[in-house]
Amino acid sequence: MTERQNPLLKFRDALAIDSVSFMKIWSHYDRDESGYLDSREELEALARDLLEAGGREGTSLEIDDLISGFEDIFDADGDNRLGLGELAELLAVEDNFLTRFNGRDALTTAEIEALCAHYDRDHDGALAGDELLAFVRDLLRRESREPTRAELDLYAATLLRSFDTDRNGRLDISELGELLA
Ligand SMILES: [Ca+2]
Ligand SMILES: [Ca+2]
Ligand SMILES: [Ca+2]
């Protein structure tokens, strides 16, 4: 049996989880990639890790209580599963980085560099994978609506089709410039 990893431990003392780490956390718990934390197994893994990050080895009663808590408090639309936005509320993810650019049509070069640096967690000079999804999620949330995972994937693919001019599957600074300048 492989050792279970708890991605939440890393953030035990953090004030907020950054948006790219949040996308990685999401992928960790949505094991069947359904776009929701919807099975007992997924919710239980999340509950157990949350208790562990709080310094407790949860009993099955505590885990059950916490899962009911998810449903009572965080399942805002009452569909008995957690969507992307609902988990973001639960985990206290950082504020949307892009709100600082609200009302602006074009960004300056310095602003585009700052934006790229914010999402480019592996410092390779481009946004790809979870970095790109986190950026897209924040873009779509500027319309003050939480996108679904399916919408994120679709929109990320659309952006790549339009702006990934060298077709390497990632958006670098100059490509982001085409999008945002
Ligand atoms: Ca799922
Ligand atoms: Ca990167
Ligand atoms: Ca590219």
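A: Start with the inside of α2: its buried residues are Glu-42, Leu-43, Ala-45, Leu-46, Ala-47, Asp-49, Leu-51 and Ala-53. Buried here is under 20% relative accessible area, with exposed over 50% and partly exposed in between (1.4 Å probe, protein chains only). Keep in mind that this is a predicted model, where local features need pLDDT of at least 70, side-chain atom pairs count only at pLDDT 80 or more, and totals for chains, interfaces and linings use all residues. Residues are numbered from 1 along each chain as its sequence is written, chains are lettered from A and ligands numbered from 1 in the order written, and side-chain values use heavy atoms, with hydrogens and water left out.

α2 covers residues 40-53, 14 residues in total, and spans 20 Å from first C-alpha to last, close to the 20 Å expected at 1.5 Å a residue. That expectation is 1.5 Å times one less than the number of residues, and helices are DSSP runs (H or I, at least four residues), numbered from the N terminus. Just past the helix, Gly-55 has a positive phi of about 85°.

As for neighbours, the buried residues of α2 pack against α1 (19-29), α3 (60-74) and α4 (84-91); contact means heavy atoms within 4.5 Å.

Asn-6 counts as buried because its relative accessibility is 10%. Its side chain reaches the backbone oxygen of Asp-49 at 3.1 Å, and a 2.7 Å polar contact links the side chains of Asn-6 and Glu-52. A polar contact is a pair of N or O atoms within 3.5 Å; within protein, one must be able to donate a hydrogen and the other to accept it, and residues adjacent in sequence count only if both atoms are side-chain atoms. Leaving out residues up to four places away in sequence, Asn-6 touches Tyr-29, Asp-49, Glu-52 and Ala-53.

Now zoom out. The protein is divided into domain 1 (10-91) and domain 2 (97-180), with bounds from an automatic or database domain assignment. The contact takes 13 residues from domain 1 and 14 residues from domain 2. Two salt bridges cross that interface, a salt bridge being a side-chain nitrogen of Lys or Arg within 4 Å of a carboxyl oxygen of Asp or Glu. On the domain 1 side, α1 and α4 each supply at least two of the residues touching domain 2, and α1 gives the largest share, seven residues.
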